[in-house]
Amino acid sequence: MGDHEQLDPEIAAHYASVSEQQRLGPGSLERVRTWELLDRYLPSPPAVVLDIGGAAGVYGLPLAAHGYQVHLIDPLARHVEQARLASRQQLATPLASAMVGDARQLGYPDASVDAALLLGPLYHLTNRVDRIQALTEARRALRPAGVLAAAAISRFASTCDGLLRGYLDEPGFETIVERDVREGQHRNPTRRPEWFTTAYFHLPGELGQEVTEAGLRLHALLAVEGPAWMLPDIDQRLADPARRERVLAAIRRVETEPSLLGASAHLLAIAHR
């Protein structure tokens, strides 16, 4: 299948214009915290991990390097080719496989994997029925007691981003934010890449409800970055080991606090089959 057969053309165009490896650099707060949470909740290697919507392998490749058997699926052929190329450079610990596919129809046998990652697909499945289908498919592929890690973008991410970066002072952004808050449906008619692309932004409780509706047992609903991503000097703080640990400790203290979940740019649901 070609890129545009599975993915909205606007979404495909957005990912053709940005690099996930650059956006999620090793020092980014989203990546640092996602790693921390995966390390906490994933079964030990050599567990079999299905990295659904794994893009160019920003998480899948390091997991393979740590001894996991990682099968990567992404709707964009460009991402899959990038992942395969990088995998060939990890001679001792390549990906087990990388293929073009759809989160709603995985093509993997029932009860065949120990963990399933959905660290992106729920962003771009703007219809609730499709999100439930993707979660149900992940559940089907999981072995009994297998672990699901599913990420979502917070309903209020664009509000916070607009305040932090001054986008709310620019024409058109407030209209985008108003719809985000009202409906969770994010649309970017300007196609400015920093204003993201067609997506669904979750209320925290919604993510938990969708996971449960798909037949999974919700274990934890977590703030990935917490409120710390709104610090204008967050990159400098993370670059200093002592300051970095203070930031991460502050996030950990409030990572499950219901009243603060929406202030995080990203949410992570951990669930079990």
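This is a predicted model: local features need pLDDT of at least 70, side-chain atom pairs count only at pLDDT 80 or more; totals for chains, interfaces and linings use all residues.
1. Arg-191 counts as exposed, because its relative accessibility is 55% and the cut-off for exposed residues is over 50%. The residue sits in the loop that runs between β6 (185–186) and β7 (199–202).

2. Ala-145 belongs to strand β5, which covers residues 142–154. With a relative accessibility of 54%, Ala-145 counts as exposed.

3. The backbone has a further feature at Pro-45 and Pro-46. The peptide bond that leads from Pro-45 to Pro-46 is cis, and its omega is near 10°. Pro-46 is placed in the loop between α4 and β1.

4. The protein chain as a whole contains 13 helices and nine strands. Its radius of gyration is 18 Å, close to the 19 Å given by the globule rule for 273 residues, so the chain is as compact as a globular protein of that length. Along the principal axes, the C-alpha atoms fill a box of roughly 50 × 45 × 40 Å.

5. How much of the protein chain is buried? Of its 273 residues, 53% are buried. Among the contacts with a separation of 6 or more, 73% are made by residues 24 or more positions apart. The accessible surface of the protein chain comes to about 12,100 Å², and carbon and sulfur atoms account for 54% of that area.

6. The second largest pocket deserves a separate point. Its volume is about 600 Å³. The lining of this pocket consists of 40 residues, and those nearest the pocket centre are Gly-53, Pro-75, Gly-120, Pro-121 and His-124.

7. Which helix or strand gives the most to the lining of the second largest pocket? The answer is α7, with three residues. The elements that each supply at least two lining residues include the helices α2 (9–17), α3 (20–23), α4 (29–41) and α7 (121–124). The strands β1 (48–52), β2 (69–74) and β9 (266–272) likewise each supply at least two.

Technical notes
Residues are numbered from 1 along each chain as its sequence is written. Side-chain values use heavy atoms; hydrogens and water are left out. On a 1 Å grid over the protein atoms alone, a cavity is a set of points where a 1.4 Å probe fits but cannot get out, and a pocket is an open set with protein on both sides within 12 Å along at least five of seven lines; lining residues have an atom within 4 Å of a point. Grid points are joined across faces, edges and corners, and a volume is the space filled by probe spheres set on the points. Helices (H or I, at least four residues) and strands (E, at least two) are DSSP runs, numbered from the N terminus. The radius of gyration is taken over C-alpha atoms; the globule rule is 2.2 Å times the number of residues to the power 0.38. Buried means under 20% relative accessible area, exposed over 50%, partly exposed in between (1.4 Å probe, protein chains only). Contact means heavy atoms within 4.5 Å. Accessible areas come from the Shrake-Rupley method with a 1.4 Å probe; for residues, only the protein chains shown count as cover.
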